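Let's take a walk through this model together, from its charged pairs to a helix and a pair of rings. Have the viewer ready.

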Amino acid sequence: MSTDTAKKPSVLFVCVHNAGRSQMAAAFLTALGKGGIEVRSAGSQPADKINPAAVEAMAEVGIDMSTEIPKVLTTEAVKESDVVITMGCGDECPYFPGKRYEDWVLEDPAGKGVESVRPIRDQIKTRIEGLIASLVPAS
């Protein structure tokens with residue numbers, strides 16, 4: 001196996017409902033990572049559907065999340081990821097040695113209108129840009 005086919009770094013975003021923060025983070029990383037990073041998201045107690053205000057806030061920056069669905073967190077998803085970023089799921093996130101864990105303290109957009117979700121979205125974008133810089137060497 002040549003170094004050209006080196007395994008892409010993988011990131012898992014976890015929050016309780018997988019309906020807002022983790023979905024926005026995954027959508028930003030997918031869009032801004034330009035295919036160089038494997039992206040997963042999940043929730044410890046997934047909601048029935050994506051937060052509509054989060055979908056609207058992301059659409060304003062040209063990212064379509066309307067077809068995403070909340071997914072349940074599995075130990076396999078954690079095992080397969082290099083970086084696990086939690087967003088308020090506390091002790092419900094499984095821990096495996098050798099993984100890079102980060103806890104992003106972000107306001108929960110659940111039940112909020114798009115005006116309240118925009119600043120959360122912008123904080124997530126800034127953090128994603130920093131994450132990409134830490135995972136993918138500048139070309």
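Which residue forms a salt bridge with Lys-112? The partner is Glu-107, and the closest N and O atoms of the two are 3.4 Å apart. A salt bridge here is a side-chain nitrogen of Lys or Arg within 4 Å of a carboxyl oxygen of Asp or Glu. Lys-112 is partly exposed at 28% relative accessible area, and Glu-107 is partly exposed at 47%.

A word on the ground rules. This is a predicted model, in which local features need pLDDT of at least 70 and side-chain atom pairs count only at pLDDT 80 or more, while totals for chains, interfaces and linings use all residues. Residues are numbered from 1 along each chain as its sequence is written, and side-chain values use heavy atoms, leaving out hydrogens and water.

Back to the charges: the whole structure holds 11 salt bridges. One of them joins the side chains of Arg-21 and Asp-108, at 3.7 Å from N to O. Arg-21 sits in helix α1 and Asp-108 in the loop between β4 and α4, so this pair ties together parts that are 87 residues apart in sequence. Arg-21 is buried at 7% relative accessible area, whereas Asp-108 is partly exposed at 32%. Helices (H or I, at least four residues) and strands (E, at least two) are DSSP runs, numbered from the N terminus.

Another salt bridge pairs Lys-125 with Glu-129, with closest N and O atoms 3.7 Å apart. These two are 4 residues apart in helix α4, which means that about one helical turn separates them. Lys-125 is partly exposed at 32% relative accessibility, and Glu-129 is also partly exposed, at 40%. Elsewhere, salt bridges that share partners join Glu-60, Arg-118, Arg-121 and Asp-122 into one network.

Now follow Arg-21 into its helix. With 12 residues, α1 reaches 16 Å from its first C-alpha to its last, close to the expected 16 Å; the expected span is 1.5 Å times one less than the number of residues. Of those 12 residues, 9 are buried, so α1 is largely enclosed by the rest of the structure. Among the buried ones are Met-24, Phe-28 and Leu-29. The buried residues of α1 pack against β1, β2, α2 (52-59) and α4, where contact means heavy atoms within 4.5 Å.

Asn-18, in the loop between β1 (10-15) and α1 (21-32), has a positive phi near 50 degrees although it is not a glycine. Just after α1, Lys-34 takes a positive phi of about 50 degrees, in the loop between α1 and β2 (38-43).

Finally, look for the rings. The structure holds 1 aromatic pair. In it, the ring centres of Phe-13 and Trp-104 are 6.0 Å apart and the planes stand at 55 degrees, so the pair is tilted. Rings of Phe, Tyr and Trp (its six-membered ring) pair if their centres lie within 6.5 Å; planes under 30 degrees apart are stacked, over 60 edge-to-face, and the rest tilted. The pair links distant parts of the chain, Phe-13 in strand β1 and Trp-104 in the loop between β4 (100-103) and α4 (114-135), 91 residues apart. Phe-13 is buried at 0%, and Trp-104 is buried at 5%.

Methods
Buried means under 20% relative accessible area, exposed over 50%, partly exposed in between (1.4 Å probe, protein chains only).
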